[in-house]
Amino acid sequence: MNPLGAQTSKPWYREPWPWFLISLPATAVIAGVATVWIAYQSADGLVVGDYYKEGLAVNQTLARDDAARDLALAATLKDEDGTLALTLAGKLKTYPEKLILNLAHPTHQGMDQNLALHHAGSGHYRATLPAMPAGKWNAQLTDAASTWRLSGAVYTPFDQPVTLSASEPIVHQPEGD
């Protein structure tokens, strides 16, 4: 029999407070394991593997942009029933037989596409358009010898024609205070 002032004691595992205190670090461990699993499953590749070489190549890249600007080059891309049609305009003496279009995904290197466009006559080029997810892509168009370069952002699917131009980019100044 229990005297009136005495309390009955339960085993520790039947009390709620030890379980509450154990749940706090257990939650942190579970969250840490989940974070490691997510990081492992969605490992992003490097966009550029050798940063030093890329830094040294900046002047060559700028020279290719200047060459495209001197030739007043512009390219219009559009989708024609699963075929990428490109029209090249500018002060070219002869049109190259082959153009290289690099479509780089901004965040996933494994989704990048390199397309070889073949000359179809009078500045028109064609290539088979691969299945690509909708979204923003960084485009670079060069001739096979890499003497010039056009670059810009394009959005897939190519519902409307997209133009890559060698003109100076327009910089909009913020308005307001």
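Two strands pair if DSSP finds at least two bridges between them. The views below are taken from a predicted model.

**View 1. Strands β1 and β2 pair in the antiparallel sense.** Strand β1 covers residues 74-80 and strand β2 covers residues 83-89, and seven bridges join them. Among the facing residues, Lys78 stands opposite Ala85 of β2, and Ala75 has Leu88 of β2 as its bridge partner. The two strands form a hairpin with two residues between them. Asp81, in the turn, has a positive phi of about 55 degrees.

**View 2. Strand β2 also pairs with strand β5.** Strand β5 is made of residues 124-128, and its pairing with β2 is antiparallel, over five bridges. One of the facing pairs is Leu86 with Tyr125, the latter in β5.

**View 3. Eight strands form an open sheet.** The strands follow the order β7-β6-β3-β4-β5-β2-β1-β8, with antiparallel pairing. At the edges are β7 (149-156) and β8, each of which pairs on one side only. On average, neighbouring strands of this sheet are turned by 25 degrees against each other, direction ignored.

**View 4. Leu164 is a residue of strand β8.** This strand runs over residues 162-165. Is Leu164 buried or exposed? Leu164 has a relative accessible area of 2%; because buried means under 20%, Leu164 counts as buried. Neighbours within four places in sequence left aside, Leu164 is in contact with Leu73, Ala74, Ala75, Leu77, Ala139, Leu141, Leu150, Ser151, Gly152 and Val154. Ala153 is eleven residues from Leu164 in sequence, and their C-alpha atoms are 8.3 Å apart.

**View 5. Arg149 and Asp65 form a salt bridge.** Their closest N and O atoms are 2.9 Å apart. Both Arg149 and Asp65 are buried. Arg149 belongs to strand β7 and Asp65 to helix α3 (residues 58-70), so this pair ties together parts that are 84 residues apart in sequence. In total, four salt bridges are counted in the model.

**View 6. Lys78, Glu80 and Arg126 are linked in a network of salt bridges.** In the bridge between Lys78 and Glu80, the closest N and O atoms are 3.7 Å apart. Lys78 has 35% relative accessibility and counts as partly exposed. Glu80, at 33%, is also partly exposed.

View 7. The mean pLDDT of the chain is 82, and 81% of its residues reach 70 or more. Where pLDDT is low, the predicted coordinates should not be read in detail.

How values were computed
Residues numbered from 1 in each chain as written. Predicted model: local features only at pLDDT ≥ 70, side-chain atom pairs only at ≥ 80, totals over all residues. Heavy atoms only, no water. Helix = DSSP H or I, 4+ residues; strand = E, 2+ residues; numbered from the N terminus. Buried < 20%, exposed > 50% of the residue type's maximum accessible area, 1.4 Å probe, protein only. Contact = heavy atoms within 4.5 Å. pLDDT = per-residue confidence, 0-100. Axes fitted to C-alpha atoms, helices over the stretch in contact; angles between N-to-C directions. Salt bridge = Lys/Arg side-chain N within 4 Å of Asp/Glu carboxyl O.
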